Amino acid sequence: MIEDREPIRVALLGCGTVGTEVLRLLHEYPTEYAARTGAPVHVTGVAVRRPHKHPEVPEQLLTTDAESLVEGDADVVVELIGGIEPARSLLSRALHAGKSVVTANKALLAEHGSELYAAADANGADIYFEAAVAGAIPLLRPLRESLAGDRINRVMGIVNGTSNYILSAMDSTGAGYAETLEEAGQLGYAEADPTADVDGFDAAAKAAILASLAFHTRVTAFDVHREGISEVGAGEIQAARALDRRVKLLAICERVVDEDGSESVSARVHPAMIPRDHPLAGVSGAFNAVFVEAESAGQLMFYGQGAGGAPTASAVLGDLVAAARNVVVSGKGPRESAHAQLPVRSMDRTPTRYHISLDVADKPGVLSQVASMFNEHDVSISVVRQQGRGADASLVVVTHTASDAALRNTVEKIAGLSAVLEVVSVMRVEGEPS
């Protein structure tokens with residue numbers, strides 16, 4: 001009988017929005033989790049900083065001594081503290097003791113993942129982290145396991161709900177960035193300090209994890225080119241609409257093959273215009289979605305709630321069941337795969353496309369002057385549109401693919417032309433043939 005077997009002991013570090021849901025579900029459905037793992041699942045302790053803030057947790061489980069909890073008799077340590085320290089030290093200690101780990105800590109994995117994976121391998125422990133990237137969306141396990149026999153070429157997605165909510169609202173209402181951010185805060189979609197979300201830090205950490213899994217290469221958050229959405233204004237949203245596009249903050253990880261056949265990995269986060277008929281363009285509000293392009297499987301899309309207590313708890317508990325099941329059968333989960341060791345390409349050398357909006361003087365020859373700058377830097381033009389007259393004269397250019405450095409240098413040269421009054425906006429273009 002399952003209930004007669006030795007229980008799987010779980011130490012829970014952190015009991016905020018997600019941790020509270022994890023604890024609730026384990027207590028509410030003990031029979032189901034026992035059946036799924038093959039043994040009863042018992043929470044042996046919950047480490048928090050301020051026990052009086054957690055009346056929903058049985059008093060006998062609460063402790064402020066996370067170290068003792070980790071060093072105790074737990075089989076699996078679930079970390080929901082966030083941040084680098086003390087999470088890094090606690091998980092390292094757990095793994096070195098042979099205890100399996102479940103974490104939702106994207107920042108820690110993006111900066112120190114290799115250290116934790118090595119500790120897991122050396123001590124026969126598991127480390128699971130499905131909840132670290134896209135909340136409830138089953139994404140990392142498909143990349144890590146289901147597509148392990150395929151060759152992934154590109155992963156592109158919306159992985160930050162706060163930024164997506166803001167850009168979606170700007171597109172639908174025509175409002176500016178500042179007022180939309182304020183509204184997002186009032187509705188609970190943005191933190192009191194939204195820097196990690198709107199400046200792209202959160203998405204960059206997730207991109208590092210995605211690139212590492214997709215391309216079997218160690219990619220850290222420091223390798224990811226990062227730009228946020230704070231410079232996106234109503235003008236950029238309107239310009240995208242005029243070209244039948246939407247602006248999204250995208251995490252883009254891709255395998256780049258040079259003419260000599262050498263390969264490298266590009267990982268970047270930045271706002272970009274995508275066609276309105278692209279699957280990601282319809283992802284609105286605080287939802288997440290990731291588009292995967294694999295050689296054999298083709299195009300796959302993963303969509304769902306990317307944050308929130310219950311959705312994220314779903315991913316945490318899925319990992320907990322897997323880790324607990326391995327303890328029951330004395331098995332092991334998937335290990336780190338970094339065998340490819342591809343170089344990470346700088347943003348300067350990454351192929352991309354630009355949408356450029358210019359205020360120009362209303363006189364003959366302006367277009368030829370601008371076009372000559374593109375030609376000088378070996379950048380070809382895909383779309384050009386002139387509109388308005390006099391003080392309202394403007395020029396919109398969409399390029400073909402070129403290196404980001406060539407495109408940036410072209411824009412700098414164009415800004416110095418006497419006929420160009422102002423470079424109004426520059427934004428990358430994704431999701432369509434180049």
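In what order do the 6 strands of the open sheet stand, and is the pairing parallel or antiparallel? In this predicted model, the order is S3-S2-S1-S4-S5-S6, and the pairing is parallel. Strand S3 (62-63) and strand S6 (127-128) stand at the edges; each has a single partner strand, so one side of each is left without a neighbour in the sheet. Strands of a sheet pair through backbone hydrogen bonds, in either a parallel or an antiparallel arrangement.

**The sheet and its helices**

Strand S1 (residues 8-13) and strand S4 (residues 76-79) run parallel and are joined by 4 bridges. Within this pair, Val10 stands opposite Val76 in S4. Helix H13 (residues 309-329) packs on the sheet, where it touches S1, S4, strand S5 (100-103) and S6. The direction of H13 makes about 165° with that of S4.

Helix H4 (residues 87-96) contributes several buried residues, namely Ala87, Leu90, Leu91, Ser92, Ala94 and Leu95. An α-helix has 3.6 residues a turn, so residues three or four places apart point the same way. The buried residues of H4 pack against S1, S4, S5 and S6, and also against helix H3 (66-71) and H5. Just after H4, Gly98 takes a positive phi of about 80°.

**Domains**

The protein is divided into three parts: domain 1 (2-135 + 309-329), domain 2 (140-305) and domain 3 (349-429). The C-alpha centres of domain 1 and domain 3 lie 52 Å apart.

**Residues in loops**

The loop between S1 and helix H1 (17-28) holds Gly14, and Gly16 lies in the loop between S1 and H1 as well. An unreviewed UniProt entry lists Leu13, Gly14, Cys15, Gly16, Thr17, Val18, Gly19 and Thr20 under "binding site". From this set, Gly16, Thr17, Val18 and Gly19 belong to the lining of the largest pocket.

Two further loop residues deserve attention. Asn105 is found between S5 and helix H5 (106-122), while Gly308 is found between strand S12 (298-305) and H13. The table gives the accessibility of these loop residues.

| Residue | Relative accessibility | Class |
|---|---|---|
| Gly14 | 10% | buried |
| Gly16 | 41% | partly exposed |
| Asn105 | 4% | buried |
| Gly308 | 37% | partly exposed |

Why does Gly14 count as buried? Its relative accessibility is 10%, and buried means under 20% relative accessible area. Gly16, at 41%, counts as partly exposed, because that class lies between the limit for buried and the limit for exposed, which is over 50%.

Leaving aside neighbours within four places in sequence, Gly14 is in contact with Gly19, Ala47, Leu80 and Ile81.

Strand S11 (residues 287-294) and S12 form a hairpin with 3 residues between them. These two strands pair in the antiparallel sense over 8 bridges, and the bridge partner of Phe287 in S12 is Gln305. In the loop between S12 and H13 stands Gly308. Gly308 and Ala136 are 172 residues apart along the chain, and their C-alpha atoms are separated by 8.7 Å.

Terms used. Residues are numbered from 1 along each chain as its sequence is written. This is a predicted model: local features need pLDDT of at least 70, side-chain atom pairs count only at pLDDT 80 or more; totals for chains, interfaces and linings use all residues. Side-chain values use heavy atoms; hydrogens and water are left out. Domain bounds come from an automatic or database domain assignment. Two strands pair if DSSP finds at least two bridges between them. Contact means heavy atoms within 4.5 Å. Axes are lines fitted to C-alpha atoms, for helices over the stretch in contact, and angles run from 0 to 180 degrees between N-to-C directions. UniProt positions are given in the numbering used here, feature names are shortened, and annotations may be inferred rather than shown by experiment. On a 1 Å grid over the protein atoms alone, a cavity is a set of points where a 1.4 Å probe fits but cannot get out, and a pocket is an open set with protein on both sides within 12 Å along at least five of seven lines; lining residues have an atom within 4 Å of a point. Buried means under 20% relative accessible area, exposed over 50%, partly exposed in between (1.4 Å probe, protein chains only).
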